[in-house]
Amino acid sequence: MTFTGKRAAIYSRISKDKDGQAIGVERQESACRELADSLGYQVTHALVDNDISASFATSKRRPGYDELVQLIEAGDVDAVICWDTDRLHRRPLELEHYISACGVDGGTPTHTVNAGDLDLSTSSGRMIARIKGSVAAAESEKMSERIRAQKQHARVNGQALGGPVPLGWIKGDEKGTFEPDPEVAPVLAEATERIARGQSLTSVSKWIADKGVRGRRRNYSSPKPGEQRATWDELGPIMSTSTVRGLLMRPANVGLQEHEGKTYPGRYPAIVDTEDYATAHAALQTRRGKASGSGRRKHLLSGVAYCWCGEAMVGVNPQQYACRVQRRQAGRTQAGHAYRRTAPLDEYVRSVVAEYLDRADVGAQVTDQARKRTTRSARDAAREKLRELEERKRALARLFAAGTIGEAQLVDGTADLDQEIRRAEVTLKAQGGNRTVARIMRSSSPGHTFLDAPVDQQRTLIGELFRVDIEQGDGVGGRRFRTELIHITPKGEQA
């Protein structure tokens, strides 16, 4: 039937438009205009939703479809023309709203190029529309299931899933292969090693920025209308510490990937040492969520060094330590209590501690001196067990990477070891163990690692292992720094 002089709205939609050329919707609109001419309609609106799905799998709004429904409800169009009914709906709930908007008695008809007319004015027509809608919904769900199955198969087999290449890799010569980025991968490897040695995330983030490694520009993957897509070599923003944390904790860095709690072979070759990654990963997890505000101590020896009177020394300003008694007096110097300049005192204590930690006879004894509440044998046993569990976990990852064990063995073994490691860490902490001290002392050069560590970790180690006492002095020597008045004693050697 022809409705001469009637107004029609054309609706076109396509779910995927990888090239962004809108060719699919243009073809739909062209066919719909031919149908409108043959039916005698005047096209007053051409509404488009390009690269937007109508399935259950998306939560995106369809602005073109929303405008179409508003036109129907306002009575501004007399008919709707589209390529097929599944261009309009793939959800039964949306179809019911559309039926209500079109009206039951003599309402707005819907014409399609491929599926004929949709008569919503009769019960039989509405039944057919609902059946078609259910079929379209089922097809959409099956398509989603197939896509998920394909991605899972690719994931299990370490195949590429599409999308931009992550920072640290570049595309290989063969399609679907990747290789380490010769410029970025070494930076990420050294950054991981620095975290494993005890450096702070903030200092490592600044170091990465100094090396010229930046995040992607916002329009690298999805440029805004009118913008040109950025190229990979264009500098993006400096990465925040949270971005760097996520970057260094990626399983892909060691050739693995995780999905829904399971571990699979990675799509990208490893760019980071396995042991460094495991140590850094544990350190970054431990630091996550800790506040970094003004409440943290900023001086190396605040609360760690002591005046000869027995009160702790605190930083009264960036240039000076003073006995806490003086702090109570608004920082005024009070006779009979010690005060020292910050820079020379910090430098001297650091050098003495680093030299002590590197002594050959100290390594096996230092961590025992930091254990306080249980017997030596129990502490040693707990520490040795934790080391053994961490080594077993690293060995498991190496076996999987070499193909000796399968995915299921890796997943089950890692889960069991993680649970045991958490229990061992809780036990060690309850026994007075300190993870900062243990991490520094496990390195090949504890003194060097100590000097590279952030101030808060240096303060922790000094407080755990040493007693720093400062004499008042006799006024001789003026402002000259006198090391003979600074007494640094390992706690295990105190009288």
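How many bridges join E10 to strand E14, and do they run parallel or antiparallel? There are 3 bridges between E10 and E14 (residues 466–470), and the two strands run parallel. Strands pair if DSSP finds at least two bridges between them. Helices (H or I, at least four residues) and strands (E, at least two) are DSSP runs, numbered from the N terminus.

This is a predicted model: local features need pLDDT of at least 70, side-chain atom pairs count only at pLDDT 80 or more, and totals for chains, interfaces and linings use all residues. Residues are numbered from 1 along each chain as its sequence is written, and side-chain values use heavy atoms, without hydrogens and water.

**The sheet.** The order is E10-E14-E15, in an open sheet of 3 strands with mixed pairing. E10 (305–307) and E15 (486–490) each have a single partner strand, so one side of each lacks a neighbour in the sheet. Twist averages 25 degrees from one strand to the next. Cys307 stands opposite Ile470 in E14.

**Packed helices.** Two helices touch E14 and E15 (contact: heavy atoms within 4.5 Å). Axes are lines fitted to C-alpha atoms, for helices over the stretch in contact; angles run from 0 to 180 degrees between N-to-C directions.

| H11 | 342–357 | about 30 degrees with E15 |

**H11 faces.** Buried residues (under 20% relative accessible area, 1.4 Å probe, protein chains only; exposed is over 50%, partly exposed in between) include Leu345, Val349 and Val353. The buried residues of H11 fall within an arc of 160 degrees, so they line one face. The arc is that of the directions from the helix axis to the C-beta atoms. Ala343, Glu347 and Glu355 are exposed on the other side.
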